[in-house]
Amino acid sequence: MKLSQFKFTLPKDHIAEYPAPHRDECRLLVLHRKDGTIEHRNFIDLLEYFDDEDVFVFNDTKVFPARLYGNKEKTGANIEVFLLRELNPELRLWDVLVEPARKIRIGNKLYFGEDNSIVAEVIDNTTSRGRTLRFLYDGDHDDFKQQLYALGEAPLPSHIIKRKAEPQDLEDFQCIYARHEGAVTAPAAGLHFSRSMLKRLEIKGVRQAFLTLHCGLGNFRQTDVEDLTKHKMDSEEMRVTSECCAIVNEAKRKEKRVCAVGTTVQRALETCVSTGGEIKEFEGWTNKFIFPPYPFSVATDMLTNFHLPESTMLMSVAAFGGYEATMKAYKEAIKQGYKFGPYGDAMLIVD
């Protein structure tokens, strides 16, 4: 497959700037893989496609307020710092992106907060935009993170959502079942689930399994090679527990349906699957890149959002739904006014 095969025209007004008033009130396009037929439904109709002992697999990573605004020492120049991951809790070392990067050099001090309560020193260059910061804070680590996060805002993907983050986004841009902190963007397919929707799944007998994959900015990084076999995904930390394995493997043995909620779940499942088709406990990193054609071993169904042109997430969806059928569904979604992006509508792919 070539990058250009995933290019299409997406009108700007089809990208959702805000979530639906209630999480489970979005639209749902259903694509049937076997014959390519399409249904237009509502998200609350999701349960009609699943039965007792089927399984939904969720990514329970938790997004932290990763975007900070501060000032450079001496000049007072405005800078934006995007926290990527904590490298060393004791030394307060963080891997970050900075804008404008050309103004930030090793040795510079950066100040955050109205009273400059948080100070960081640039100690290394990692990429053209990346830096390693050492936060100069002598107090307790938990207190430090609490103060740091209080200064941050929801890390909305700025090239998709063209507005400033608002306080409500800290709640909206988070799955209600999020537990393990470490993501800088939300696993968007899970944003549609309300507590009442999870309860309805439980009442119907549909089981819930949870794994953790800390979503990084690599999901939104521009693909710059035409030959997709040469594209390299950023590594992301993930963990699959024995409990998750037991639930999924039992469903597979009983020939029940396994629905992957989002592209991150698909990547995690395909990272930890054995040659026998069952998943194994896993703790480590994955840079798995899924694009057509790809022989999936675990999920029988997939729930996802509508993704932007040429994105790796679109490629993953097309690998599962079939390239022709997926691109046809996207064309129909645009025609019918579906919303794209993390705050957009949902798509269910079934056999």
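I began with the buried residues of helix 6, which are T312, M313, L314, M315, S316, V317, A318, A319, F320 and G321. Buried means under 20% relative accessible area, exposed over 50% and partly exposed in between, with a 1.4 Å probe and protein chains only. Helices (H or I, at least four residues) and strands (E, at least two) are DSSP runs, numbered from the N terminus.

I noted that this is a predicted model, where local features need pLDDT of at least 70, side-chain atom pairs count only at pLDDT 80 or more, and totals for chains, interfaces and linings use all residues. Residues are numbered from 1 along each chain as its sequence is written, and side-chain values use heavy atoms, with hydrogens and water left out.

**Around helix 6**

Helix 6 spans residues 312-321, and ten of the ten are buried, so the rest of the structure largely encloses it. What covers it? I found strand 1 (27-32), helix 5 (263-272), strand 16 (301-305), helix 7 (323-335) and strand 17 (346-350) among the covering elements. Contact here means heavy atoms within 4.5 Å. Just after helix 6, G322 has a positive phi of about 95°.

**Aromatic rings**

I searched the whole structure for aromatic pairs and got 24. Rings of Phe, Tyr and Trp (its six-membered ring) pair if their centres lie within 6.5 Å; planes under 30 degrees apart count as stacked, over 60 as edge-to-face and the rest as tilted. I looked at F58 and F193. Their ring centres are 5.0 Å apart and their planes stand at 90°, so this pair is edge-to-face. F58 is in strand 3 (residues 55-59), and F193 is in the loop between strand 11 (180-183) and helix 3 (195-204), so the pair ties together parts 135 residues apart in sequence. Both F58 and F193 are buried.

One aromatic cluster is formed by F43, F50, F56, F58, Y177, F193 and F210. I then checked for charges over rings. A charge sits over a ring if NZ of Lys or CZ of Arg is within 6 Å of the ring centre and within 35 degrees of the ring normal. The charged end of R179 sits over the F210 ring, 4.9 Å from its centre. R257 has its charged end over the ring of F50, 5.1 Å from the centre.

**Cysteines**

How many disulfides are there in the whole structure? My search found zero. The cut-off is a pair of cysteine sulfur atoms within 2.5 Å. For C244, the nearest cysteine sulfur is that of C245, 5.7 Å away. C244 is buried, at a relative accessible area of 2%. For C245, the nearest cysteine sulfur is that of C272, 5.7 Å away. C245 also counts as buried, at 6% relative accessibility.
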